[in-house]
Amino acid sequence: MTPWKAARPGDQLSAIDTPALVLDLDAFERNLARMAEALRGTNVRLRAHAKCHKTPKIALRQMALGAAGICCQKVSEAAVFVEAGIEDVLVTNQVMGDTKLRHLAALARKARVGVLVDHPQQVQALATVAQAHGVALDVYVEVNVGANRCGVAPGDEAVRLARQIVAGTPLRFMGLHCYHGPAQHMRAPQERAAAIAGAVEAARTTRAAIEACGIAVECVTGAGTGSFLHERDSGVFNEIQAGSYVFMDRDYGDNQRGENDVAFEHALFVRTTVMSRATPERAVVDAGLKASSVDSGLPTVWQRADLRYVKASDEHGVLATPNGAALSLGDPLMLVPGHCDPTVNLYDELICVRGERVEALWPIAARGALL
């Protein structure tokens with residue numbers, strides 16, 4: 001924990017100490033509204049992915065605009081949101097280990113809790129812990145629809161797991177989890193459309209095979225910010241899990257927009273300060289690897305096409321300043337992080353600004369919730 005806060009409500013934007021994680025509330029609220037509008041009048045609900053923001057105040061706003069619940073990736077992450085009043089949480093992951101399973105069962109006493117499986121051993125473990133704790137758990141079969149990470153093959157393997165879940169009192173078979181992660185970052189709209197068409201077909205045939213056994217498939221869930229319109233319009237998915245739409249990092253911004261894509265805005269920034277200007281061709285800012293994740297590439301400098309972020313070390317970010325671009329020691333800059341999720345996990349709070357004034361500080365309460 002830092003010994004002082006980078007800002008306080010009422011401060012001017014110019015007074016924020018750096019590096020700091022800044023949320024543009026106006027852009028953020030427009031993003032929330034655009035997602036709600038994109039789903040209005042459909043039979044597809046939003047289960048917003050909270051691993052992106054890790055912030056209960058954001059989840060509660062998403063719920064207020066119609067989200068059916070949230071997704072988390074970790075049991076400890078889910079616990080933070082349940083404690084904050086979220087009553088429907090899907091852990092979009094497989095959960096193994098006695099300690100984690102006990103915590104999962106404890107959460108199910110306070111909220112509706114779902115979890116994924118892709119192996120019979122996981123189903124048995126969930127049934128055992130649910131029985132021991134006297135709780136019910138929603139269980140989804142994860143189907144590999146192209147991510148080649150977790151998930152069983154479409155068809156027979158999924159049917160066998162669905163049968164096992166139905167027999168595993170007190171488990172509730174809810175349906176299928178069909179998320180195509182790589183499709184979210186395919187740059188061309190036609191690439192994303194083709195990838196999701198394959199995912200939709202895998203989900204459709206798997207659902208039909210399970211229903212042919214007399215087992216109801218209540219939910220087919222998946223999708224992300226880069227592809228959700230395809231899942232929305234598929235006639236197969238009835239739930240989407242978009243998360244990054246609230247912030248829109250540089251990587252999502254690099255996707256080419258299709259004619260009907262929703263125009264989400266960059267709302268999350270790392271505010272930084274020029275700390276060195278040793279040569280006209282180079283400047284150094286105080287936001288490096290510990291301030292902005294670079295797993296999806298380097299950040300960009302917001303509204304400064306004449307500056308290029310070219311290298312990051314622990315505490316330093318190096319900018320190329322060709323032709324002696326106008327930049328002085330102490331100048332503030334805003335960076336658009338390459339990947340919002342791990343960047344958020346570096347900070348204790350979001351500094352929420354409206355215009356030139358700090359309006360609020362929102363704790364990133366699930367920061368570091370890795371268990």
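**Chat: salt bridges and a helix pair**

Q: Quick one to start: is Asp138 buried or exposed?
A: Asp138 counts as buried, because its relative accessibility is 3% and the cut-off for buried is under 20%. Keep in mind that this is a predicted model.

Q: Thanks! Which residue does Asp138 meet in a salt bridge at 2.5 Å, N to O?
A: That one is Arg172. The pair joins distant parts of the chain, with Asp138 in strand 6 and Arg172 in strand 7 (residues 171-177), 34 residues apart.

Q: And how accessible is Arg172?
A: Arg172 is partly exposed, at a relative accessible area of 32%.

Q: What about Arg112, how far is it from Asp138?
A: Asp138 and Arg112 also form a salt bridge, and their closest N and O atoms are 2.6 Å apart. Here too, distant parts of the chain are linked: Asp138 sits in strand 6 (residues 137-142) and Arg112 in strand 5 (residues 112-117), 26 residues apart. Arg112 counts as partly exposed, with 35% relative accessibility.

Q: Why would such side chains pair up at all?
A: Side chains of opposite charge can pair when their charged atoms come close.

Q: How many salt bridges does the structure hold?
A: There are 25 salt bridges in the structure.

Q: Okay, new topic. At what angle do helix 1 and helix 2 pack?
A: Helix 1 (residues 25-39) and helix 2 (residues 56-64) pack at about 40°, and their axes are 10 Å apart. That angle makes helix 1 oblique to helix 2. The crossing of helix 1 past helix 2 is right-handed.

Q: Which residues meet there?
A: From helix 1 you have Phe28, Glu29 and Leu32, and they meet Ile58, Arg61 and Gln62 of helix 2. By type, the residues of this contact divide into three nonpolar, one polar and two charged.

Q: Last one: which residues are linked with Glu29 in a network of salt bridges?
A: The network links Asp26, Glu29, Arg61, Arg354 and Glu359.

Definitions and conventions. Residues are numbered from 1 along each chain as its sequence is written. This is a predicted model: local features need pLDDT of at least 70, side-chain atom pairs count only at pLDDT 80 or more; totals for chains, interfaces and linings use all residues. Side-chain values use heavy atoms; hydrogens and water are left out. Axes are lines fitted to C-alpha atoms, for helices over the stretch in contact, and angles run from 0 to 180 degrees between N-to-C directions. Helices (H or I, at least four residues) and strands (E, at least two) are DSSP runs, numbered from the N terminus. Angles under 35 degrees count as roughly parallel, over 145 as roughly antiparallel, 65 to 115 as roughly perpendicular and the rest as oblique. A crossing is left-handed if the near helix is turned anticlockwise from the far one by less than a right angle, and right-handed if clockwise. Contact means heavy atoms within 4.5 Å. Ala, Val, Leu, Ile, Met, Phe, Trp, Tyr, Cys and Pro count as nonpolar, Asp, Glu, Lys and Arg as charged, and the others, Gly among them, as polar. A salt bridge is a side-chain nitrogen of Lys or Arg within 4 Å of a carboxyl oxygen of Asp or Glu. Buried means under 20% relative accessible area, exposed over 50%, partly exposed in between (1.4 Å probe, protein chains only).
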